[in-house]
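Here is a short tour of a protein model, written to be read beside the structure. Please keep the viewer open and follow along.

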Amino acid sequence: MNSAATSVSLKIFLAVSFAGMPGFCSTAFAFPEFVRHGYFSCTSCHVSPGGGGILTDYGRSYSAEKLSARSSKGEEEPLHGALGGEPGQGVRRWLLVGGNMRQVQTVSENRSARDGRWIPMQRDLELCVTGGPVIGCVTGGITKHGMREPDGKSHYGVRKASVQIQAGESWLVRAGRFSPRFGVMVPDHNAWIQSLSGRGIDDERDQLEMTFSSEKFEASAALDHGHSDKPEVAKGFVANLMTPLLDTMRVGASYRLQESEASAIKTAGVFAAAGIDEKTFVLAEIDQQSIEAKVNLSAPSDGASRVASYFKTGRELSQGVIAYAVQQIDLKEGGPTTARRDMYGMGLQLFPRPHFEVDGFVGKVLSRSDFAYVNTAWLLFHDYL
């Protein structure tokens, strides 16, 4: 294969990879691998029932005691302790404060071309006001990233807002604009399952969601009304069902329907998160998507299908130090082209102190259509406020 062709394959890989980064417009900072500590639901540590976003007081104390390599008393508190006060006392009885500052340096190269980018993934501030069983949350930050804007500048505004009501011990109702819940909800910015299930760029949707939780299973369903500021965004429905098989293992299934005047996109998947022991975990998900034209047009997407799988295993070498390996497959069939990509690599995740995360990854991507390899690496810096 000549150098021009390899350069084109690198550019295509970069475009597809960046399009699938949920971190561009997501507060997906959750750790489903904590199932190894016996956590079945995300609400132990997060306000959001889907995980990610603002932490509860328990989630902050957990991050200091179980996640970070070292910590000092009170270091895990909101805004690095600037808010003051004790959990449950004063203003902190009704106000939760958080946010995320995430930056990533990416590098991808083949024999003839190389591309490196420094990307501001998140610059968010999040506030939640609690009043008995009712919690209202709002997130402000980057809504449009400069790398995708003609003027090269990032735009800021309110990106998420929701109200959730705890209706009894088992029922939770949430309404507003937030990210869809689908699958194992990994936060990895290069996970192809993210873009497949609609958790990538502009993933916030106007939704009405209901969640039922019990010791035997957790089920959620949401009506997706699209995006009030973007009428072209498809509307639909998303549902999840999850159940524990063991104390440190949960399995589930997800389904999502997105409909517009021109097409219907159906995505279904199964997933699992398991703790082999207190230090070792496995995450797995496989999703299948089909696109059907609803009008009599020769749409290239009509009849197209896509399958993506994700497998991650890791081990805590010492508290705050996690080594992991990832393997992914992305297969597209139908339409004008058929293509398959494979990714595999290894990484090291560090939590030196509360609020800080450093994550480095190196791997390879193989394009099966031309058997061309692309070397990829990234280094992520994260400060959760």
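Buried means under 20% relative accessible area, exposed means over 50%, and partly exposed is in between, with a 1.4 Å probe and protein chains only. Helices (H or I, at least four residues) and strands (E, at least two) are DSSP runs, numbered from the N terminus.

## What is shown

This is a predicted model, in which local features need pLDDT of at least 70 and side-chain atom pairs count only at pLDDT 80 or more, while totals for chains, interfaces and linings use all residues. Residues are numbered from 1 along each chain as its sequence is written, and side-chain values use heavy atoms, with hydrogens and water left out.

The protein has 16 strands and three helices. Of its 385 residues, 49% are buried. Contact here means heavy atoms within 4.5 Å. Among contacts with a separation of 6 or more, 55% are between residues 24 or more positions apart. The accessible surface comes to about 17400 Å², and carbon and sulfur atoms hold 60% of it; such areas come from the Shrake-Rupley method with a 1.4 Å probe, and for residues only the protein chains shown count as cover.

## Strand β1 and its partners

Two strands pair if DSSP finds at least two bridges between them. Strand β2 (residues 114–131) runs antiparallel to β1 and is joined to it by 15 bridges. Four residues lie between β1 and β2 in the hairpin they form. Within this pairing, glutamine 105 has tryptophan 118 of β2 as its bridge partner.

Strand β16 (residues 372–384) also pairs with β1 in the antiparallel sense, over 10 bridges. Here glutamine 103 stands opposite phenylalanine 381 of β16. Helix α2 joins the picture too: its buried residues pack against β1 and β16. Those buried residues are Gly59, Arg60, Tyr62, Ser63, Ala64 and Leu67.

Which residues form salt bridges with arginine 92? One is aspartate 57, at 3.0 Å from N to O. This pair ties together parts that are 35 residues apart in sequence, because aspartate 57 lies in helix α2 and arginine 92 in the loop between α2 and β1. Another is glutamate 77, whose closest N and O atoms with arginine 92 are 2.5 Å apart. A salt bridge is a side-chain nitrogen of Lys or Arg within 4 Å of a carboxyl oxygen of Asp or Glu, and the structure holds 19 of them.

Arginine 92 is buried at 4% relative accessibility, and glutamate 77 is buried at 14%. Aspartate 57, at 25%, counts as partly exposed. The loop between α2 (57–67) and β1 also contains leucine 79, which has a positive phi of about 55° although it is not a glycine.

The side chains of arginine 174 and glutamate 209 meet in a salt bridge of 2.8 Å, N to O. The two sit in distant parts of the chain, with arginine 174 in strand β5 and glutamate 209 in strand β6 (residues 205–213), 35 residues apart. Both arginine 174 and glutamate 209 are buried. Through shared partners, salt bridges join Arg174, Arg181, Glu209 and Glu218 into one network.

In the loop between β5 (171–178) and α3 (192–196) you will find methionine 185. Methionine 185 is not a glycine, yet it has a positive phi of about 60°.

## The disulfide and a surface patch

The structure holds one disulfide, a term used for a pair of cysteine sulfur atoms within 2.5 Å. Cysteine 128 and cysteine 137 are its two ends, with 2.0 Å from S to S. The link is right-handed, at 110° about the S-S bond, and both cysteines are buried.

Leucine 127 is found in strand β2 and is partly exposed at 34%. Together with Leu125, Val138 and Val158, Leu127 makes a nonpolar surface patch of about 310 Å². Patches are made of residues with over 30% relative accessible area and no salt bridge, with like charges joined within 9 Å and nonpolar side chains (Val, Leu, Ile, Met, Phe, Trp, Tyr) within 5 Å.
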